[in-house]
Amino acid sequence: MYVCTCMYLLRCVSKLYDTKEIVKQRLLCHLRVGLHFLHYISQLEAEAVLDNRQLLAFQVRSRDIDWRQYVQPLDTRIRSGGVYLDKQADFVSNHRRAVDDQNRRELLVCHDMMGNYLEDRHFHSSEKYDDYRFLHWSAVDYFCYFSHKYVTIPPSGWLNAAHRHGVPVLGTYIVEADSLLVEVLASEESVDRTVAALTRLCLHFGFEGWLVNVEVTVPQTSMPNLHRFVRELRSATESQVPHGRVFWYDSVIETGALLWQNELNARNVDFFRISDAMLINYAWNDGHLERSASLARQEGSPQHRVFMGLDVFGRSRKGGFQSLDTMERIAQNGFSAGIFAPAWSFETLRNWQGYDISKANGDEEVNAAFLSRNESWWARLWPLLATHPYQALPFYTDFCVGSGQASFVRGSRDASATGRPFFNLSRQSLQPSVPLDKNARHCFHTAFTGGSSLEVINYERAFRLFVTEFVLPRGVLLLGYAYRMDDASRDHTFDVVVRLSPFQRHSQDLYLFCGSYNTNIVAPHLCYISPMDDPLPSGLAPVQLRQSSGLLGDGWRVRYYLARFDGPVVVKDIGLKCRRSLASTSDAYLGAIYVQGLFQEDWMATQSSQKASIDVYGRQLWENLT
């Protein structure tokens, strides 16, 4: 939008010198409106706070902006407590272990890419559609936007993407100049003013807290006020900011010396006590892990409050595609992890086959290479991470990653100015629960809605897309999806697979295949149901995925399924099972999916012979799991 406005204003200026007076007045009016719009847009651009004068005076461009209009609040309903999937992460399977107090390990992702505030600083879209995007929110407990500027305020795009997935966001308070901290710690009053100013930033911009990183030596006489600063910041953040948290970075010790300990020990434990969690510097070894665990036990504190650093660039410990070795040591010792710079998968493309990642309009090869490397990196670590199932209904996604070579509407490319290439993380939709890796990939040349779809690459077995805890207390399931198959012959099949369990006995399950069948087939453990040809009652299908009986743009189709069970059920997994002949090279795509639990009245009001009635309790169709 910003680029389109600038281009329009330039055209207006070029016409001012060769038009009649009345036309000039109209053009001048358009110029004034356009310039006002550009000024307003500039106020929405993310920025850091550089000094205490700016911080205390609340000197930010957007001080008069109500960010509640532009930033989605943290959605705490969207997901439930974590589960470990172990090596079965890509299967539609019943294997999962609930996270509890004994095995809890959390994940902080610290996004530090080339200084940050790059294309992501814009509220409105840039055209660099290949830029770094984070997609694997279901394993993340906290997301930190990091820069080496004094006070780092997360851009709205990151806030919206994280909040939509239920992930709280931290800004960064980093001190790398002695004079800044001297001003803050001069007195108790100056400490309290700084705490109030930082809390105001959280409330104004809509993020959840701070990573505090003091990278200077602190005079011994100022240490009481540094402790006061962390203690009061935590108190204010937790009491005033919804879901507020304060993390302390392992840097300054009890004497005020800047000495990274790479462990939790007696020299930094005071900061551990007065913060919500501590992020340990990434140069640790096995001895550091043992001593940290021992002190956490002495403190009576759960080890998941200690986040051991993992630098993906491999400083001090293995990184890159060998990061699994580092993560295994963290997990085996029961600690949480703090991943530094996961944008390694994007930044290092410059050194890998010489990709140019700086093109202003993006590059198709860079985009594909980044997404492939990113999926592969996260897939390696996933068996050690806890996945948070989606639990809120209705559930809808079009798989948009927050960028696109174009925008699509019901399968058709948007030919207007708004259909240009875009990078806008606020447009990111809910993402799959597990890495796609070798099962599917993001496709940008065709999509149902937004900027991308999922292209199937695994035609051999069913694979998981979403880990869920969708409770259907009335036992009525409505599922819809948009798909495209280049070859719709009988040799090519496309099924969305739903795994269900009884409401209270999760040791049993039933698989529901939602594909193209002549009739509904209800059998023990496996049911195959056919799509509905008859229209749904008004209001049951969402606007984004309206029911349609024919082909839509670019060969896309929409299917809907309605199933009623004879008791409450829980949807535990949603995946895909596609098949094509060995000789075929035709492709299949998933563009959107919708899940909702309905009332019995909705079932009765739907006049269709294809709706499925499944007596899973009465006929004992559940499969007992061992």
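Here are a few notes on backbone geometry and one annotated span in this predicted model.

1. Ground rules. Residues count from 1 along each chain as its sequence is written. Since the model is predicted, local features need pLDDT of at least 70 and side-chain atom pairs count only at pLDDT 80 or more, while totals for chains, interfaces and linings use all residues; side-chain values use heavy atoms, with hydrogens and water left out.

2. The cis bond. Going from Leu393 to Pro394, the peptide bond is cis, with omega near 0°. Pro394 sits in the loop between strand 12 (386–387) and strand 13 (395–397). Strands here are DSSP runs of E, at least two residues, and helices are runs of H or I, at least four, both numbered from the N terminus. For background, most peptide bonds are trans, and most residues other than glycine have a negative phi.

3. Tyr117. This non-glycine residue has a positive phi, near 55°. You'll find Tyr117 in the loop between strand 3 (107–111) and strand 4 (142–145). Tyr117 is buried, at 11% relative accessibility (buried is under 20% relative accessible area, exposed over 50%, partly exposed in between, with a 1.4 Å probe and protein chains only).

4. Phe399. Another positive phi in a non-glycine residue: Phe399 has a value near 70°. Its place is the loop between strand 13 and strand 14 (403–404). Phe399 is buried, with a relative accessible area of 0%.

5. The annotated span. UniProt, in an unreviewed entry, puts "domain: Cytosolic endo-beta-N-acetylglucosaminidase TIM barrel" at residues 117–406. Positions follow the numbering used here, feature names are shortened, and annotations may be inferred rather than shown by experiment. In the model, that span is 36% helix and 16% strand, with its end C-alpha atoms 24 Å apart.
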